Amino acid sequence: QVQLVESGGGSVQAGDSLRLSCAASGRTFSIYAMGWFRQAPGKEREFVAAISWNSGSTDYADSVKGRFTISRDNAKNTIYLQMNSLKPEDTAIYYCTADRKLPITINARHWGQGTQVTVSS
């Protein structure tokens, strides 16, 4: 099994920045890719960003391109989501996810417990 623990959420003003972290433990050798999804109240969970564990190639949702950056630290089994120029519509619970393949989808194998991000105008 793989355990994922997110941190770094909080409440900020529009235009501010936050950095989320997700630390993986357990059978991390089985991970090929990790990523972030988010779910706003009353909405479906949606893809935000993903990164390949080996190559470092990345993918982003159109809504966050140019504002969010996903990165990894292989030595720490940790990924990060740097979120800049935050907007109220970024308010959601952010979930870390990991899988054995790309693309990462809503059916990904492993999920964290989520961390709340609230952006006020």
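A charge is said to sit over a ring if NZ of Lys or CZ of Arg is within 6 Å of the ring centre and within 35 degrees of the ring normal. The first view uses this definition. The views come from a predicted model.

**Figure 1. Arg45 lies over the face of two rings, those of Trp111 and Tyr95.** Arg45 is placed at 4.9 Å from the ring centre of Trp111. For Tyr95, the distance from Arg45 to the ring centre is 3.7 Å. Tyr95 and Trp111 also belong to a cluster linked by ring pairs, together with Phe37 and Phe47.

**Figure 2. Phe37 and Phe47 form one of the three aromatic pairs in the structure.** A pair of aromatic rings is described by the distance of the centres and the angle of the planes. For Phe37 and Phe47 the centres are 5.7 Å apart and the planes stand at 75°, so this pair is edge-to-face. The two residues come from distant parts of the chain: Phe37 is in strand β4, while Phe47 is in strand β5, 10 residues apart. Is Phe37 buried or exposed? Phe37 counts as buried, at 3% relative accessibility.

**Figure 3. His110 is a buried residue of strand β10.** The relative accessibility of His110 is 8%, which is why it counts as buried, the cut-off being under 20%. What does His110 touch, once neighbours within four places in sequence are set aside? The contacts of His110 are Gln1, Val2, Leu4, Cys96, Thr97 and Ala98.

**Figure 4. Four strands form an open sheet in the order β1-β3-β8-β7.** The pairing in this sheet is antiparallel. Which strands stand at the edges? The edge strands are β1 and β7; each has a single partner strand, so one side of each is left without a neighbour in the sheet. From one strand to the next, the twist averages 15°. In a regular strand the side chains alternate between the two faces of the sheet.

**Figure 5. Strand β1 runs antiparallel to β3 and is joined to it by six bridges.** Gln3 stands opposite Ser25 in β3. Val5 is another residue found in β1. The C-alpha atoms of Val5 and Ala23 are 5.3 Å apart in space, although these residues are 18 apart in sequence. Not counting residues up to four places away in sequence, Val5 touches Ser21, Cys22, Ala23 and Gln113. Val5 is partly exposed, with a relative accessible area of 49%; exposed would require over 50%.

**Figure 6. Strand β8 is bridged to β3 and to β7.** Six bridges join β8 to β3, and these strands run antiparallel. In this pairing Ser21 stands opposite Tyr80 in β8. Six bridges also join β7 to β8, again antiparallel. Here Thr69 has Gln82 in β8 as its bridge partner. Five of the six residues of β8 are buried, so this strand is largely enclosed by the rest of the structure. The hairpin of β7 and β8 has four residues between the strands, and in it Asn77 takes a positive phi near 50°.

**Figure 7. The largest nonpolar core has 30 residues.** In soluble globular proteins, nonpolar side chains tend to be buried together. Which residues have the most contacts inside this core? They are Met34, Trp36, Ile79, Leu81, Met83 and Tyr94. Eight strands are named as each supplying at least two residues of the core: β1 (2-7), β3 (18-26), β4 (33-39), β5 (46-52), β7 (68-73), β8 (78-83), β9 (92-99) and β11 (115-120).

Methods
Residues are numbered from 1 along each chain as its sequence is written. This is a predicted model: local features need pLDDT of at least 70, side-chain atom pairs count only at pLDDT 80 or more; totals for chains, interfaces and linings use all residues. Side-chain values use heavy atoms; hydrogens and water are left out. A nonpolar core is a set of buried Ala, Val, Leu, Ile, Met, Phe, Trp, Tyr and Cys residues joined through side-chain atoms within 4.5 Å. Buried means under 20% relative accessible area, exposed over 50%, partly exposed in between (1.4 Å probe, protein chains only). Contact means heavy atoms within 4.5 Å. Rings of Phe, Tyr and Trp (its six-membered ring) pair if their centres lie within 6.5 Å; planes under 30 degrees apart count as stacked, over 60 as edge-to-face and the rest as tilted. Two strands pair if DSSP finds at least two bridges between them. Axes are lines fitted to C-alpha atoms, for helices over the stretch in contact, and angles run from 0 to 180 degrees between N-to-C directions.
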